[in-house]
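These are notes for a colleague opening this entry for the first time. Please read them with the structure on screen.

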Amino acid sequence: MTDRINQVELAVDRVIEATGGEIRLAMPLGLGKPNRFVNALYARVEADTRLSLDIYTALSLSKPSAGSDLEKRFLNPFADRLFADYEELTYLAAQKRGNLPANIRVFEFFVQPGSILGNDVAQQHYISSNYTHVARDLNARGVNVVAQLLAHRQVDGNDEYSFSCNPEVTLDLMPLLKARREAGETILAVGQVHRDLPFMENDARVEEWLPEMDLLVDDPQGHTRLFSTPNMPVNIQDHFVGLHASTLVRDGGTLQIGIGALGDALVHHLRLRDQDNPRYLKAVKAWAVPPEHEALIEQEGGTDVFREGVYGCSEMMTHGLLTLIDDGIIRRPVYDWAPLQRLEMHNPTTPGLALLDALREQSAISRRLDKEQLRTLKRFGIFRNEIDKHGDELQLPNGVTVPNDLDDRTTREALKAVFGDRLVGGVVMHGGFFLGPRDFYARLREMSKQEHAQINMTRISFINHLYGDEILKRLQRQDARFVNTAFTVTLLGAVASDQIENGRVLSGVGGQYNFVSQAHELEGARSILMVRAWRERAGEVMSNIVFSYGHNTIPRHLRDIVITEYGVADLRGKTDEEVVMAMLNVADSRFQIELMEQAQAAGKLREDYQIPEVHRRNNPEHLHEIAERCGKDSFPLFPLGTDFTEVEQRLLTALTWLKEKVSHKEYLKLGRRALFHDGSPSEFAAQLKRMELNKPEGVREHIFQRLLLTALEATQEN
C-alpha cells in the first residue's frame with residue numbers, strides 16, 4: 001500500500017526501519033533529486049554511526065560559486081535572484097571538501113564538467129557506465145531505496161502523478177526492482193511531490209508504477225525553487241560550430257542535441273535557416289564553403305527551410321529543443337505502430353479507405369477486424385470512437401450496422417462516415433530527462449493538453465538504444481543526426497569527451513557512445529561531434545586537435561563527422577591519410593604546421609603534402625571579420641534569451657575581457673591603463689551600482705572601480 005505523508009522525517013523513519021539502517025539509495029540525475037528527503041536522510045545517518053548510506057546518482061547540481069571579489073560582486077546577487085530558496089544538496093559541500101562522514105559514500109556516473117578533477121575520493125567513486133546500462137548497474141549494486149521528485153495534479157478529485165523530468169532511468173530500473181521484491185527483498189520507492197514540477201504525459205505518468213511507490217511525501221517545506229541552468233553566452237567561436245552543423249540537418253529527419261553553448265548555437269542557426277533563410281544563407285556563403293563541404297550538404301543535409309520538419313529524439317530535452325518544437329521545426333510525428341509508421345515516412349497520410357487497404361497489404365489488419373485491431377485503429381484516429389464490433393457486424397452511429405468485411409462494398413461506403421479527420425497519437429519529441437532555465441519549466445507547465453501529448457518523456461533504453469523495438473525505431477529515426485560535443489579529437493579521428501588522459505574524469509560518457517553507435521547502425525544516420533578547435537588556459541592557447549591522446553571516448557574506428565568553428569571533417573570510411581588531411585583542414589592555423597609535421601613523422605601523411613590555401617586562414621580574426629560582414633543579429637550573444645539583465649549582460653562582457661587580460665598576464669599594461677583611466681564613471685553608472693562600486697571606499701574598491709571602468713570602456717563597441 002502507498003502511504004501519503006507530509007513530513008520527510010517520517011519517510012526517513014520508514015526507510016531506516018525497513019532497511020535496518022543499511023541504505024543504498026538511487027536517485028535520478030539532475031533536476032529530479034528529492035533534495036529535502038535526501039538531506040534529511042543524510043543528516044540522520046551523519047548523526048548515527050550505526051547507520052550507513054551509499055548514494056548512487058549523477059549530475060548533482062550546485063549553485064555556481066565565485067572566486068575573486070569582483071566575481072562575487074557580480075555572481076552572488078544574480079545567484080540569489082535565480083535560485084532564491086533552492087535547497088542545496090548537503091552531501092555536495094562535504095564531498096567537495098573531501099570530508100564526507102565515514103558511513104556515507106557518494107557514487108556518480110556523470111558529474112558537472114570539471115567539478116571533481118581535483119577530488120580524489122570522487123574520482124575513486126566514479127562509475128563509468130553507458131547511460132543505457134545505468135539501471136542494470138544500479139540493480140547489480142543492490143540498491144534498496146529509490147527516490148525522486150514527482151509532479152502532482154488533481155483531476156476530478158483524483159490524484160495523478162508524473163515522473164516528469166526524470167523517467168529515463170526509473171522506468172528501466174523499476175521492473176528490475178519489482179523482480180527482486182517478488183523474490184523477497186525489501187526495497188522502498190519514495191516520491192517527493194513538488195508543485196512547480198511540470199506534469200509530463202505519456203510514459204512519464206506514474207499510474208502503472210503507483211502500486212510500487214511505498215511513500216508519497218508532500219512536505220510543505222519541500223516546495224522550494226527548482227534548480228535551473230541559465231542560458232550562457234554563445235561566442236563567435238561557438239556560433240560558427242553551430243552554423244556548420246546546421247547545414248547537415250536533413251529536412252524530414254531526426255535530431256538529437258547535447259547541452260551547452262554549442263547546442264544553443266546549433267538551435268539558433270536552425271531557426272535562422274527556417275525563419276530568415278536569406279540571412280542564414282548569407283552567413284553560410286560568407287564562410288566560403290569548400291567543395292567537399294558543399295558536396296556533403298547536398299548529400300546529407302540542406303540549407304533550405306524545413307518543409308517536412310524533423311522529429312526530436314534526445315536523451316536530454318533542452319530548452320533549445322523545446323524552442324524548435326514551439327517554432328514548428330520539430331514537428332514530424334512518429335507513431336508507435338510500425339505498419340502505420342512505415343506508411344508515414346515522408347508522405348503523411350490521412351484516415352480513409354486507402355490507408356486501410358495499405359495496412360491490409362502489410363497484414364497489419366485483416367479483412368475482418370478483430371477487437372484489438374479496431375482498438376488500434378481508433379487509438380490512432382483512423383476511426384472515430386463511434387464504431388464498435390458486435391459479432392460479425394460493425395456497429396456505426398445512429399444504429400447502422402454493416403458486415404465486418406473490408407471487402408464488402410456496402411461496408412466500405414458506410415465506413416466513410418466514421419473515419420477520423422486526422423491521425424492522432426503522434427509524438428514529435430522523445431526525451432529522457434530535462435533541465436534548463438526557469439522560462440523552460442514555465443513553458444512546459446503552461447502547455448496545452450495537445451502540446452503535452454506530442455512530447456513523450458520515456459525510458460533511456462528506448463532513446464539511446466537501437467535494440468528493442470528495433471523495427472519501429474529504424475522507421476522512426478530516418479536520416480538521424482546525433483549531435484554531441486567533445487573536448488579533444490586526434491588527427492586520426494578518436495574523440496575524448498569524458499576523461500583527460502591521466503585518467504581523471506571530466507564529466508562522464510553519458511549516452512555519447514550509444515548515439516555514435518546508432519549512427520553507424522541506422523541507415524542514413526550520421527554522428528556529428530562538435531569541438532572547439534582551440535582553448536585557452538592560464539593565458540596559454542592550446543589546440544583541441546592533437547596528433548594523439550592517452551584516452552578516447554569514441555575510438556577511431558567509429559569516427560564519422562567532426563565539426564569545429566573552421567568547418568566540417570567527414571571521416572567515415574576514409575583512409576588514415578584522408579582523415580589526417582580532413583582534420584588539418586578544420587584545425588586552428590596556429591597549430592596546423594606542427595600537427596602536419598607530427599603526422600608526417602609518424603608516416604601517416606606524405607612528406608610533400610601542403611595544407612590547401614582555403615584552409616590557411618583558420619583563425620579567430622577571420623571568424624570575426626565574417627561575423628562583422630553578416631551583422632551582429634546573425635550571431636547574438638544570447639540566442640535563446642537569458643536570465644541576465646541588460647546591465648548584467650554588459651558587465652559579463654567586460655568581466656570576461658578583464659579575465660582574459662589577467663590570464664594573459666598583461667598585469668602591467670592593464671594596471672597602467674586602469675591607473676590613468678580618465679573616463680567618467682557616470683557613463684557606466686548602472687554597471688557600477690550593480691557591482692556596488694559607484695561609491696568606492698578604500699584603496700581596494702577604488703582599484704576595482706578603475707579596472708571595471710577600463711574593461712567596460714574597452715568592450716563598449718561590443
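This is a predicted model: local features need pLDDT of at least 70, side-chain atom pairs count only at pLDDT 80 or more; totals for chains, interfaces and linings use all residues.

1. A pocket here is an open set of points on a 1 Å grid over the protein atoms alone, where a 1.4 Å probe fits, with protein on both sides within 12 Å along at least five of seven lines.

2. Residues are numbered from 1 along each chain as its sequence is written, and side-chain values use heavy atoms, with hydrogens and water left out.

3. The lining of the second largest pocket consists of 32 residues, where lining means having an atom within 4 Å of a point. Val-424, Gly-425, Gly-426, Val-427 and Ala-453 lie nearest the pocket's centre. Two or more lining residues come from helix H18 (449-453) and from helix H20 (470-476). Helices (H or I, at least four residues) and strands (E, at least two) are DSSP runs, numbered from the N terminus.

4. By class, the pocket lining has 13 nonpolar, 11 polar and 8 charged residues. Ala, Val, Leu, Ile, Met, Phe, Trp, Tyr, Cys and Pro count as nonpolar, Asp, Glu, Lys and Arg as charged, and the others, Gly among them, as polar.

5. Helix H8 (residues 236-246) packs against helix H24 (residues 620-630) at an angle of about 75°, and their axes are 10 Å apart. Axes are lines fitted to C-alpha atoms over the stretch in contact, with angles from 0 to 180 degrees between N-to-C directions. H8 is therefore roughly perpendicular to H24 (65 to 115 degrees). Ile-236, Gln-237 and Phe-240 of H8 meet Leu-623, His-624, Ile-626 and Ala-627 of H24, contact being heavy atoms within 4.5 Å. The contact has 5 nonpolar, 2 polar and no charged residues.

6. An open sheet of 3 strands runs in the order E11-E12-E13 with antiparallel pairing; two strands pair if DSSP finds at least two bridges between them. Strand E11 (388-390) and strand E13 (401-403) are at the edges, each with a single partner strand, so one side of each lacks a neighbour in the sheet. E11 and strand E12 (residues 393-395) share 3 bridges, and His-390 has Glu-393 of E12 as its bridge partner.

7. Strand E20 (residues 534-537) and strand E21 (residues 540-543) run antiparallel, joined by 4 bridges. Trp-534 stands opposite Ser-543 in E21. This hairpin has 2 residues between the strands, and Ala-538 takes a positive phi near 55°.

Technical notes
Angles under 35 degrees count as roughly parallel, over 145 as roughly antiparallel, 65 to 115 as roughly perpendicular and the rest as oblique.
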